[in-house]
Amino acid sequence: MSRLHEHLSTGPVICAEGYLFELERRGYLQAGAFVPEVVLEHPEMVAQLHREFVHAGSDVVEAFTYYAHREKLALIGREGDLEAINRQALQLAADVAAEQSSLLAGNICNSNVFDPADPSSHDIVRAMFTEQVAWAAEANVDFVIGETFSYAQEALIALEVIKAAGLDAVITLSIHRSVDTRDGWTVEEACRRIEDAGADVVGLNCIRGPRTMLPLIERVRAALSGPVAALPVPYRTTEDEPTFQSLTDPGVDIPGDRPFPVALDPLTCNRYEMGEFAATAHALGVDYLGVCCGAGPHHIRSVAEALGRTPPGSRFTADMSKHAYFGTDQQLKPGNRAFATEL
Ligand SMILES: [Zn+2]
């Protein structure tokens with residue numbers, strides 16, 4: 001049995017994602033093109049974030065090769081760095097995974113050049129995936145995540161390439177305002193086709209927050225027989241604004257009038273909301289849980305704790321009993337505790 005299936009047989013897999021957003025917030029890559037240049041320029045920052053996510057409860061170290069594909073690197077004039085960025089990201093992830101005994105995942109994603117009506121684009125996409133998956137295979141990953149596909153047909157190409165390399169595949173689709181894929185397939189049909197084509201885990205990631213992803217995940221869970229994945233973004237999406245790209249923040253002056261991607265802070269879910277999401281999804285029968293763009297280690301720790309785990313970071317999970325004003329500890333000054341009502 002592969003390491004992924006071995007882990008799935010003992011309970012849900014937790015996979016922290018959201019490297020682009022977190023490293024953008026920290027000032028190491030640029031929103032817009034969103035290319036993981038930090039892998040080459042500040043590799044120590046990427047390794048550090050891998051460690052933080054494992055400390056918080058992630059079972060998986062995902063190589064930061066999201067958008068490290070040919071189309072994106074060409075867009076910023078760094079196509080020559082394609083192999084170096086992929087190999088370096090895989091090495092960084094492999095080192096941390098070995099050090100932490102975590103699962104090691106490679107990663108490929110939406111190409112932004114796929115067009116269902118243009119077969120030549122399918123060949124371009126297949127070639128992009130093939131080169132990235134070959135580097136992942138050489139790095140001895142436990143599995144490859146193919147994610148954030150709006151087109152289920154593009155996801156199927158990714159799956160085919162991963163399987164041809166003899167690797168396990170976790171394939172997740174991104175569902176925008178329409179609850180169908182961009183190919184016009186229902187979410188159940190799309191996921192079923194991907195499962196039938198041999199994916200080891202199938203589900204949804206990114207774009208939707210917990211509130212608007214859960215109803216779709218329920219449908220996916222009911223339609224599939226194998227493991228299901230759910231990795232929402234930690235934002236308070238609603239029925240009217242079901243995606244983090246459609247969220248608004250009325251009365252706040254933001255360039256472009258759109259909080260996405262760098263002004264979503266006030267719309268962020270707190271750790272309790274992400275814990276509640278994880279508990280609900282787990283109860284529905286979801287086997288692979290995580291948080292996508294916007295995730296911080298505190299979100300991941302709450303996901304882990306919602307599954308009854310105590311990762312190393314749980315040593316510092318909030319305990320207000322010793323808080324100077326709101327605490328209950330008898331050593332605290334009674335005057336300060338009484339003053340709590342004035343705070
Ligand atoms: Zn995302």
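**Reading strands and helices in this model**

Biologist: Which residues lie on each side of S6, and are they buried or exposed?

Modeller: In a regular strand the side chains alternate between the two faces of the sheet. In S6, Val201, Gly203 and Asn205 are on one side and Val202 and Leu204 on the other, and all are buried. A residue is buried if 20 or more other C-beta atoms, placed from the backbone, lie within 10 Å of its own, exposed if 12 or fewer do, and partly exposed in between. The model is predicted: local features need pLDDT of at least 70, side-chain atom pairs count only at pLDDT 80 or more, and totals for chains, interfaces and linings use all residues. Residues are numbered from 1 along each chain as its sequence is written.

Biologist: Where does S6 run, and which strands pair with S6?

Modeller: Helices (H or I, at least four residues) and strands (E, at least two) are DSSP runs numbered from the N terminus. S6 covers residues 201-205. Two strands pair if DSSP finds at least two bridges between them. S5 (residues 168-173) pairs with S6 in the parallel sense over four bridges, and Val170 has Val201 as its bridge partner in S6. S7 (residues 228-231) also pairs with S6, again in the parallel sense over four bridges; there, Ala230 is the partner of Leu204.

Biologist: How is Ala47 classed, and what does Ala47 touch?

Modeller: Ala47, in helix H4 (residues 43-55), counts as partly exposed because it has 19 C-beta neighbours inside 10 Å. Two residues are in contact if their C-beta atoms, placed from the backbone, lie within 7 Å. Leaving out residues up to four places away in sequence, Ala47 touches Leu92, Asp95 and Val96. Ala47 and Leu92 are 45 residues apart in sequence, yet 5.9 Å apart from C-alpha to C-alpha.

Biologist: Which residues make the contact between H6 and H7?

Modeller: H6 (residues 82-100) and H7 (residues 119-138) have axes that come within 10 Å and cross at roughly 35 degrees. Axes are lines fitted to C-alpha atoms, for helices over the stretch in contact, and angles run from 0 to 180 degrees between N-to-C directions. Asn86, Arg87 and Leu90 of H6 meet Gln132, Trp135 and Ala136 of H7.
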